[in-house]
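Thanks for coming. I will take a few minutes on charged side chains, so please look at the sequence and the model first.

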Amino acid sequence: PLAVTLSDGSVVTLQPGSRVSYATAFGPLRQVFLLGDAHFAVRKDARHPFVVYANGVVARVVGTQFWVRAQTSAVTVEVTSGCVAVSKVRDARQALAQPPPDVVLLANQRAVYSAPDDRLAKSLVANPQPVAEASEVGTTEATATVHYVHQPVSKIFQEWKIL
């Protein structure tokens, strides 16, 4: 594996035989193009979403950790922490138009896109890992960090208008 630190401080860990393309300086969108498998540790920046393009799939995040495994006929996105919005796209114009997500993934969830079927399926990862009891939920410079302990996820989603 090869760790690549991007200009925003995010780290992409490429697996053998994988490639990533990106601009040396990011604009309003932090865009990355992936061929193969990589783990992403994205530095949080609410004003500049981080977008990964891989074989007909777009993964959009603000700050989180996740895997993207882009093979010829399938793309898998697995979230290790945080939240990732995943959309399937048919062409570059649609990708740049920022389509609404087809699925929203949280820790221990994955989405698998099958190119031959043009199908995106959401499920749990094979080996779910424990999630910390007190979790940090999205923050911007204008708000404080919020911690939730023993709260139903539905209440948190409703409060943050996630779903």
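How many salt bridges does the structure hold? There are four salt bridges, a salt bridge being a side-chain nitrogen of Lys or Arg within 4 Å of a carboxyl oxygen of Asp or Glu. This is a predicted model, where local features need pLDDT of at least 70 and side-chain atom pairs count only at pLDDT 80 or more, while totals for chains, interfaces and linings use all residues. Residues are numbered from 1 along each chain as its sequence is written, and side-chain values use heavy atoms, with hydrogens and water left out.

Start with E78. Its side chain meets R69 in a salt bridge at 3.3 Å, N to O, and meets R110 in another at 3.9 Å. E78 lies in strand β8 and R110 in strand β11, so this pair ties together parts 32 residues apart in sequence. Strands are DSSP runs of E, at least two residues, numbered from the N terminus.

On burial, the terms are buried for under 20% relative accessible area, exposed for over 50%, and partly exposed in between, with a 1.4 Å probe and protein chains only. E78 is buried at 17%, whereas R69 is partly exposed at 26%.

Next, D118 and K88 form a salt bridge at 3.8 Å, N to O. D118 sits in the loop between β11 and β12, and K88 in strand β9, so the pair joins parts 30 residues apart in sequence.

Finally, D45, in the loop between β4 and β5, is buried yet has no salt bridge.

Note on methods
Helices (H or I, at least four residues) and strands (E, at least two) are DSSP runs, numbered from the N terminus. Lys and Arg count as positive and Asp and Glu as negative; His and the chain ends are not counted.
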